[in-house]
Amino acid sequence: MQIVKHDININFVGRRKLALIFSLLLVVAGLVSLIARGGPEYGIDFAGGTLIQVKFSEATRAADIKSALKGMHLKGLLVQKFEGDSQEFMLRLQDTSSELEGMAQQVGAHLEQAYGKGTVDIRRVEMVGPQVGKDLRKKGLMAILFAMIGVLICITIRFEFKFAVGAVFALAHDVLITLGAFSLFGKEIDLPIIAAFLAIIGYSLNDTIIVYDRIRENIGRHPKQSFDQTVNGSINETLSRTILTSGTTLLVVLALFLFGGGVIHNFAFAMLVGILIGTYSSILVASPVLLVWDDMKKRRNATAS
Amino acid sequence: MSKSIKLRGGVVLLCLVLSMLVLMPTLFPNSTPNWLKKSFDPLHLGLDLQGGMHLVLRVDVDKAVESRVDGLVDQIEGELRDKDIIFKRVSRTGNDRLTVVVYDDEAGRQIDALMSDGVYADLEPLTLETQGGYIEKNFRYSTEAVSAIKDNAVKQALETLRNRIDQFGVSETVLQRQGSDRILVQLPGVKEPKRAVALLGKTALLEFKMVADNVDPQAVAGGALPPGTRLLYERMVDRKTGAVTQVPLVVYDKTVLTGDLVSDAQVRIDPRFNEPYVSIDFNAVGAKRFDQITAANIGQRMAIVLDDTVYSAPVIRERISGGSAQISGSFDEQEATDLAIVLRAGSLPAPVTILENRTVGPSLGLDSINQGILSVIIGSIAVVVAMAIYYNLAGLVANLALVLNLIFILALLSLFKASLTLPGIGGIVLTLGMAVDANVLIYERIREELRLGKTVRNALEAGYSKAFSTIMDANITTLIAALVLFQFGTGPVKGFAVTLSVGIVSSLFTAIFVSRVVFDFFLERYQVKRLSI
């Protein structure tokens with residue numbers, strides 16, 4: 001079976017302006033949402049706070065839970081259904097307690113008072129102090145930065161610097177858009193999301209390099225061809241592979257998104273967005289950037305000489 | 001069959017057999033022979049899957065320095081009295097400094113002579129001030145001494161926490177120092193998180209102080225405490241209602257006896273109220289000192305203070321020379337047991353606070369495992385079907401490689417004793433999707449070569465060799481991202497980095513090496529004329 005005909009020849013490179021506008025729209029939409037909300041919405045891993053996952057033996061409502069906890073005067077209490085289940089809820093609060101009698105125990109005791117003893121099961125508690133949150137935030141940012149620098153070096157060694165520029169540009173593009181999507185959908189950035197971002201970097205790179213590899217090969221094979229043509233031909237030649245691999249990866253991530261459970265839901269969401277954008281960027285961003293960079297350099301050389 | 005195929009096929013089979021052996025204890029725990037169970041542990045599950053507690057504690061090392069300086073202040077005071085040096089006062093000023101105030105130069109010289117002595121060598125003389133007829137001599141702990149004290153405090157805390165955990169009876173615990181003042185504690189499968197936190201977090205500093213009965217606690221509650229005393233609160237429990245009240249009590253600052261002289265602590269039952277109490281035995285030094293103190297203070301009250309809370313303040317009726325005392329405070333059985341544990345394990349050199357606490361109950365862990373397995377199965381089936389439809393028989397070869405890949409990943413994780421976490425399962429799912437990529441690359445190349453009119457054998461040869469460098473380049477960069485993640489990650493995220501890295505390496509092997517062996521085998525055996533790809 002073939003999805004993409006082997007002699008396909010779509011003029012991707014010629015449509016780079018269109019792609020640029022599309023990318024810009026996505027990036028700007030994300031940025032506007034980020035600015036409007038005053039930065040990314042950090043989960044407790046990065047903002048500090050307490051997360052309590054509670055299962056009740058009978059269905060209840062968020063409003064009832066809130067009123068049961070009213071006496072505690074909790075700061076920034078958020079109550080959300082877990083996986084849309086009306087028996088299981090996630091409570092998020094800004095307060096942390098470094099003391100012995102933890103926040104979760106107090107919350108549990110208050111809930112039992114309202115709902116009856118033995119009807120409340122605290123399934124998960126995560127408490128991150130503000131200092132640790134700050135540390136983790138810094139570490140997460142550093143990790144993404146280091147991964148990009150590592151990639152830049154690796155591609156410069158294996159290819160040329162201009163390829164590295166295109167690849168890193170595409171990566172920044174992917175991460176920025178995924179970040180924007182998180183903000184648009186009001187999802188929180190947590191530690192596993194950073195892991196997802198790095199996986200997206202890895203994946204998008206994988207895609208980009210396969211196109212680059214073909215470009216390198218075709219430069220050797222058709223030295224007389226213009227760089228534009230070589231790039232476009234290479235994208236087309238690898239198109240069938242790009243679509244198939246993205247397809248299988250999307251299938252598994254979709255399985256994770258739909259069946260993996262609430263704990264991993266946001267992680268799967270990040271991967272889903274990231275892989276879609278990563279596939280698009282390796283076809284329509286990484287290689288055009290390569291061309292733009294090449295043009296700029298040629299023009300600069302021309303004016304210099 | 002050619003030698004090369006036999007050899008390569010042998011390698012693949014060997015890997016498969018070894019992997020199955022490694023995985024036996026995980027997959028079939030009941031029918032695995034004992035010798036195998038002994039050599040290979042079952043796949044280790046992270047705290048988010050098996051349930052448990054992950055704590056990061058901070059040791060308040062500044063407090064450790066302060067209490068060391070406090071100790072020196074007492075020691076200097078004692079020595080000055082012994083040597084009949086006249087002084088106005090010795091006190092701690094700030095975190096790591098102390099001040100000795102004397103009346104004249106003569107005493108000042110005597111102080112200098114004393115302080116240059118070996119015991120106080122870590123104290124650096126600072127400024128010297130003369131004010132209104134007094135000479136104020138300031139000393140400070142040297143930077144090295146301060147950092148040594150801090151370092152020691154964390155080491156000691158680690159040791160004490162280890163002792164406490166050992167008595168708590170949880171297996172496979174992790175206790176690790178992180179950075180300068182943090183301690184990571186992991187308690188897998190812990191049933192009573194509340195109790196664990198209470199046990200670990202308690203400083204358990206036991207002190208005996210004399211009660212200043214001549215001072216009315218009500219009068220000083222406003223703040224005017226006589227020098228050398230402090231206000232503490234006694235914990236009173238109403239036996240009928242169980243209500244806890246705090247009663248103010250003024251005690252002398254000086255600690256007459258501390259908990260480090262305790263040799264044993266046991267729970268006993270008080271027959272009068274049928275209520276547990278903790279009986280403590282002092283070691284030889286402690287017993288002697290207790291004997292002296294009780295002898296000197298008959299008729300006075302002695303407060304038993306634990307972490308700045310007075311548990312009881314009985315009147316000393318007679319000299320006690322047996323070397324044992326009891327702490328009663330209307331405990332329940334559990335509280336008494338835990339108090340005995342912390343007293344036996346010793347006190348923490350400084351208070352600890354909880355910076356991070358992640359607790360997953362076992363029921364949620366089980367749900368996560370089931371959902372994780374479900375998504376791995378559904379994801380794999382989807383990929384297998386897609387590959388079979390797209391590449392026909394060659395797709396089946398890729399699918400064989402995929403299944404082997406899954407087995408190898410699990411075996412490698414088990415072999416490395418890496419923990420499988422929920423993001424780790426996510427990593428496996430992701431690897432499965434990406435693992436077929438290498439096969440896709442190779443197959444697309446083979447199709448291209450076939451279109452050029454090459455024979456099956458040549459097309460295979462060219463497809464594999466041309467795709468090889470692409471596959472390598474693409475995977476090495478992903479590996480870089482995974483390694484960065486490993487460096488940075490903690491807990492579950494690290495699990496993701498591990499499975500991703502292992503998955504990449506393993507998928508290179510199955511997609512390039514294993515699938516090639518299968519193709520070569522069929523080519524040789526059946527004289528394939530047309531490739532189903």
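Helices (H or I, at least four residues) and strands (E, at least two) are DSSP runs, numbered from the N terminus. Two strands pair if DSSP finds at least two bridges between them. The model is predicted: local features need pLDDT of at least 70, side-chain atom pairs count only at pLDDT 80 or more, and totals for chains, interfaces and linings use all residues. Residues are numbered from 1 along each chain as its sequence is written, while chains are lettered from A and ligands numbered from 1 in the order in which they are written.

**View 1. A hairpin in chain B.**
Strands β12 (residues 262–270) and β13 (residues 275–282) of chain B run antiparallel, joined by eight bridges. They form a hairpin with four residues between them. In the turn, B:Asn274 has a positive phi of about 55°. B:Asp270 has B:Glu275 of β13(B) as its bridge partner.

**View 2. The barrel of chain B.**
Five strands of chain B close into a barrel, in the order β9-β11-β10-β15-β14. Their pairing is mixed. From one strand to the next, the twist averages 55°; axes here are lines fitted to C-alpha atoms, for helices over the stretch in contact, and angles run from 0 to 180 degrees between N-to-C directions. B:Val305 has its bridge partner, B:Val310, in β15(B).

Eight strands make an open sheet in the order β2(A)-β3(A)-β1(A)-β4(A)-β17(B)-β2(B)-β8(B)-β7(B), with antiparallel pairing. Its edge strands, each pairing on one side only, are β2 (78–82) of chain A and β7 (174–178) of chain B. The twist averages 20° from one strand to the next. Helix α4 (residues 103–115) of chain A packs on the sheet and touches β1 (49–56), β3 (85–93) and β4 of chain A. Its direction makes about 155° with that of β4(A). Helix α6 (residues 143–168) of chain B also packs on the sheet, where it touches β2, β7, β8 and β17 of chain B. The direction of this helix makes about 170° with that of β7(B). Contact means that the C-beta atoms of two residues, placed from the backbone, lie within 7 Å.

Between the chains, β4(A) and β17 (residues 352–360) of chain B run antiparallel, joined by five bridges. A:Val128 stands opposite B:Glu356 in β17(B). Within chain B, seven bridges link β2 (residues 52–59) to β8 (residues 182–188), again antiparallel. There, B:Leu55 stands opposite B:Val185 of β8(B).

**View 3. The contact of chain A with chain B.**
Chain A gives 58 residues to the contact and chain B gives 61 residues. On the side of chain A that touches chain B, β4 (120–128), α5 (130–158), α7 (191–221), α8 (227–259) and α9 (265–284) each supply at least two residues. That side of chain A divides into 34 nonpolar, 17 polar and seven charged residues. Ala, Val, Leu, Ile, Met, Phe, Trp, Tyr, Cys and Pro count as nonpolar, Asp, Glu, Lys and Arg as charged, and the others, Gly among them, as polar.

**View 4. Helices α1 and α6 of chain A.**
The axes of α1 (residues 16–36) and α6 (residues 161–184) of chain A come within 8 Å and cross at roughly 45°. The two helices are therefore oblique to each other. Angles under 35 degrees count as roughly parallel, over 145 as roughly antiparallel, 65 to 115 as roughly perpendicular and the rest as oblique. α1(A) passes α6(A) in a left-handed crossing. A crossing is left-handed if the near helix is turned anticlockwise from the far one by less than a right angle, and right-handed if clockwise. Residues making the contact include A:Leu26, A:Gly30 and A:Leu34 of α1(A), and A:His173, A:Ile177 and A:Gly180 of α6(A). By class, the contact has ten nonpolar, six polar and no charged residues.

**View 5. Helices α7 and α9 of chain A.**
The axes of α7(A) and α9(A) come within 9 Å and cross at roughly 20°. That makes α7(A) roughly parallel to α9(A). The crossing of α7(A) past α9(A) is right-handed. Among the residues that meet are A:Phe197, A:Tyr203 and A:Asp207 in α7(A), and A:Phe267, A:Met271 and A:Gly274 in α9(A). Their contact has twelve nonpolar, eight polar and one charged residues.
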